[in-house]
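Here is a friendly note to read with the structure open beside you. Take the points in order, and find each residue as you go.

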Amino acid sequence: MAFKKITEMSSLHDNLDKSSVLELLTGINEEDKKVPLAVEKAIPQLEKLVESIVLRMKRGGRIFYMGAGTSGRLGVLDASEIPPTYGMPNTLVIGLIAGGDRALRNPVEAAEDSEEKGWQELVSYNVNVNDTVIGIAASGTTPYVIGALKHAQLNGILTASISCNPDAPVAQYADIPIEVIVGPEFVTGSTRMKAGTAQKLVLNMITTTTMIKLGRVKGNRMVNMQLTNKKLVDRGTRMIMEETNLEYEAAKNLLLLHGSVKKATDAFFNVNKEENIK
């Protein structure tokens, strides 16, 4: 059977231009329901990938996302949310998109067509064997992504791919290929829809699980989040209140003094421990 990209698969729905708003919304929702079931099938591969990433990050490794278009934007989005959510430096999860930052808002002509550009960008970050390079490509045919993975693999760097086609070309250069087969899009070829949703879910799973295993979550709380606005300061204050039984103002002052829930509660309990010893 010849390889057929999801961009070539005809939608299971037709006459969209003649459908009512309700029919369109219902049809999109019907297709979206298929995405989590497709992601579930990839959990064994995701488990292998996350376990490998955690080992490497404990040795100082990083995650690099490589993608173009929607796939690239999703990688950049996921990477950009790690510092505020988990208090990690922005140098540990890095999203690279074909065409650079300009491509986040505007298409950059032919940016994804070079098999060398992605690897050149990785080299500029001094990519090494402790790192993990994850290529994101809905159809699995993007030269920018394939080239980066090919070179990374040749240099002994762990590679993974996230695609929505079975046996996609990108998977040939992935040590851990993750294929989430979502089927035809509601609008034929519009991979910003089901494929994009699947990729977002997978990226959430990878980094969230990794951050938890690296100790950036306590219980179910984001105890290392950055205090970037009043809402988060209030949330952090209430976490400290629950942990320490302090009143609101005392908890808030402790949080602002130490800069994170974890540091504040650690300091509180260390002081109490020393006083008990005395």
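This is a predicted model: local features need pLDDT of at least 70, side-chain atom pairs count only at pLDDT 80 or more; totals for chains, interfaces and linings use all residues.

1. Residues are numbered from 1 along each chain as its sequence is written, and side-chain values use heavy atoms, with hydrogens and water left out.

2. Helices (H or I, at least four residues) and strands (E, at least two) are DSSP runs, numbered from the N terminus.

3. Next, look at the partners of E1. Strands pair if DSSP finds at least two bridges between them. E1 pairs in the parallel sense with E2 (residues 93–97) over five bridges, and also in the parallel sense with E3 (residues 132–136) over five bridges. Tyr65 stands opposite Gly95 in E2, and its bridge partner in E3 is Ile134.

4. Which residues touch the most other members of the largest nonpolar core? They are Leu49, Tyr65, Ile134, Val180 and Ile206, out of 35 residues. Such a core is a set of buried Ala, Val, Leu, Ile, Met, Phe, Trp, Tyr and Cys residues joined through side-chain atoms within 4.5 Å. Helix H8 (residues 194–213) gives the most to this core, with six residues. Another core, of 20 residues, lies apart from it and includes Phe64 and Trp119.

5. Finally, the pockets. The largest has a volume of about 300 Å³ and is lined by 16 residues; Ala68, Glu112, Ala138, Thr142 and Thr191 lie nearest its centre. Helix H4 (residues 69–80) gives the largest share of that lining, four residues. The second largest pocket holds about 230 Å³ of space, and E2 gives the most to its lining, with five residues. A pocket here is an open set of points on a 1 Å grid over the protein atoms alone, where a 1.4 Å probe fits, with protein on both sides within 12 Å along at least five of seven lines; lining residues have an atom within 4 Å of a point. A volume is the space filled by probe spheres set on the points, which are joined across faces, edges and corners.

Methods. Buried means under 20% relative accessible area, exposed over 50%, partly exposed in between (1.4 Å probe, protein chains only).
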